[in-house]
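Please look over the sequence and the model shown here before reading on.

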Amino acid sequence: QVQLVESGGGLVQAGDSLRVSCAASGHTFSSYDMGWFRQAPGKEREFVAAISRNGGATLYSDSVKGRFTISRDNAENTVYLQMASLKPGDTAVYYCAAGRDALLEEYEYTYWGQGTQVTVSS
């Protein structure tokens, strides 16, 4: 079993940067692909970014590509999402997820965190 806890969300202005983190419990963190999803009020959850088990491959949604960077530190059991050039449209609850052979689809992920709120003001 993997437990995921997101942190680092907050209120920022458009154009600012913010890094959210996801800390995982257990000793099998390195066996999972990790992903970030987000959900705005009244909208469905959408894919943001994913990173492979060893960090060698990443995948981004077109809406965040070039602005967001996903990374992981397997020694610390932590995955990060560095967000730059934030826009009001990025406002959402950001969720961390873990799965085996997971990419951009929600069903590919088994474990989910509780989410952290990111609000971008205009």
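## Basis of the model

This is a predicted model, in which local features need pLDDT of at least 70 and side-chain atom pairs count only at pLDDT 80 or more, while totals for chains, interfaces and linings use all residues. Residues are numbered from 1 along each chain as its sequence is written, and side-chain values use heavy atoms, with hydrogens and water left out.

## Overall fold

The protein holds 11 strands and zero helices, where strands (E, at least two residues) and helices (H or I, at least four) are DSSP runs numbered from the N terminus. Its radius of gyration is 13 Å, close to the 14 Å that the globule rule gives for 122 residues, so the protein is as compact as a globular protein of that length; the radius is taken over C-alpha atoms, and the rule is 2.2 Å times the number of residues to the power 0.38.

Among contacts (heavy atoms within 4.5 Å) between residues at least 6 apart in sequence, 57% join residues at least 24 apart.

## Burial and surface

Of the 122 residues, 45% are buried, meaning under 20% relative accessible area with a 1.4 Å probe and protein chains only. The protein exposes about 6,200 Å², of which carbon and sulfur atoms supply 46%, by the Shrake-Rupley method with a 1.4 Å probe.

## The setting of S21

S21 lies in strand 3, which spans residues 18-24, and is buried, with a relative accessible area of 15%. Leaving aside neighbours within four places in sequence, S21 is in contact with V5, E6, S7, W36, T78, V79 and Y80.

Key: Buried means under 20% relative accessible area, exposed over 50%, partly exposed in between (1.4 Å probe, protein chains only).
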